[in-house]
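Work through the exercises below with the model open. Try each task before reading its solution.

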Amino acid sequence: MKFTFTDIEEDLNVLEEAYRLVTTKRNDDYGHPSLHFNKIAKVWSDLKGINFTASDVAKFMIVIKLCREENKPKKDNRTDIAGYALTLDMVERENKGEYNL
């Protein structure tokens, strides 16, 4: 399949929208992804009796969105996948001490 410039512009729109959501609205609502994902990881760990991390949460959220995309392809799923990839990067960078929460 050959991509056109229009296809690339559409992809950039998905990435730009994901970046905007993660760094503004979602950040205002939930704070840095590590804070919220660590809470989710603790609940999952308690429920399943195995250790989950904030990185695991981000990865599983990507998997959930990939499954939804397989079932019903739409831009919202792809935007969320990009957003969760960004949050995964933010969590990993925070784990390395690159962010101060």
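**Exercise 1. Salt bridge within a helix**

Task: Is glutamate 17 buried, partly exposed or exposed, and which residue does glutamate 17 pair with in a salt bridge?

Solution. Start with the accessibility: glutamate 17 has a relative accessibility of 27%, so it counts as partly exposed. The cut-offs are under 20% relative accessible area for buried and over 50% for exposed, with partly exposed in between (1.4 Å probe, protein chains only). Next, find the partner. Glutamate 17 forms a salt bridge with arginine 20, and the closest N and O atoms are 2.6 Å apart. A salt bridge needs a side-chain nitrogen of Lys or Arg within 4 Å of a carboxyl oxygen of Asp or Glu. Arginine 20 is partly exposed as well, at 41%.

The model is predicted: local features need pLDDT of at least 70, side-chain atom pairs count only at pLDDT 80 or more, and totals for chains, interfaces and linings use all residues. Numbering runs from 1 along each chain as its sequence is written, and side-chain values use heavy atoms, with hydrogens and water left out.

**Exercise 2. Other salt bridges**

Task: How many salt bridges are there, and which residues form a network?

Solution. The count is seven salt bridges. One of them joins lysine 25 and aspartate 29, at 2.9 Å from N to O. Both residues lie in helix H2 (residues 25-30), four residues apart, about one turn of the helix. Lysine 25 is partly exposed at 44%, and aspartate 29 is partly exposed at 43%. Now turn to the network: Asp89, Arg93 and Glu98 are linked by salt bridges. Within it, glutamate 98 meets arginine 93 at 2.9 Å, N to O. Relative accessibility is 46% for glutamate 98 and 34% for arginine 93.

**Exercise 3. Packing of H4 and H5**

Task: At what angle do H4 and H5 pack, and are they roughly parallel or roughly antiparallel?

Solution. Take the axes of helix H4 (residues 54-71) and helix H5 (residues 75-95): they are 9 Å apart, at an angle of about 170°. Axes are lines fitted to C-alpha atoms, for helices over the stretch in contact, and angles run from 0 to 180 degrees between N-to-C directions. H4 and H5 are therefore roughly antiparallel. The classes are under 35 degrees for roughly parallel, over 145 for roughly antiparallel, 65 to 115 for roughly perpendicular, and oblique for the rest. Then sort the contact by class: 10 nonpolar, four polar and eight charged residues. Here Ala, Val, Leu, Ile, Met, Phe, Trp, Tyr, Cys and Pro count as nonpolar, Asp, Glu, Lys and Arg as charged, and the others, Gly among them, as polar.

**Exercise 4. Packing of H3 and H4**

Task: How do the axes of H3 and H4 cross, and which residues meet?

Solution. The axes of helix H3 (residues 33-48) and H4 come within 7 Å and cross at roughly 90°. That makes H3 roughly perpendicular to H4. List the contacts (heavy atoms within 4.5 Å). Ser34, Phe37, Asn38, Ile40, Ala41 and Trp44 in H3 meet Ala54, Val57, Ala58 and Phe60 in H4. By class, this contact has eight nonpolar, two polar and no charged residues.

Technical notes
Helix = DSSP H or I, 4+ residues; strand = E, 2+ residues; numbered from the N terminus.
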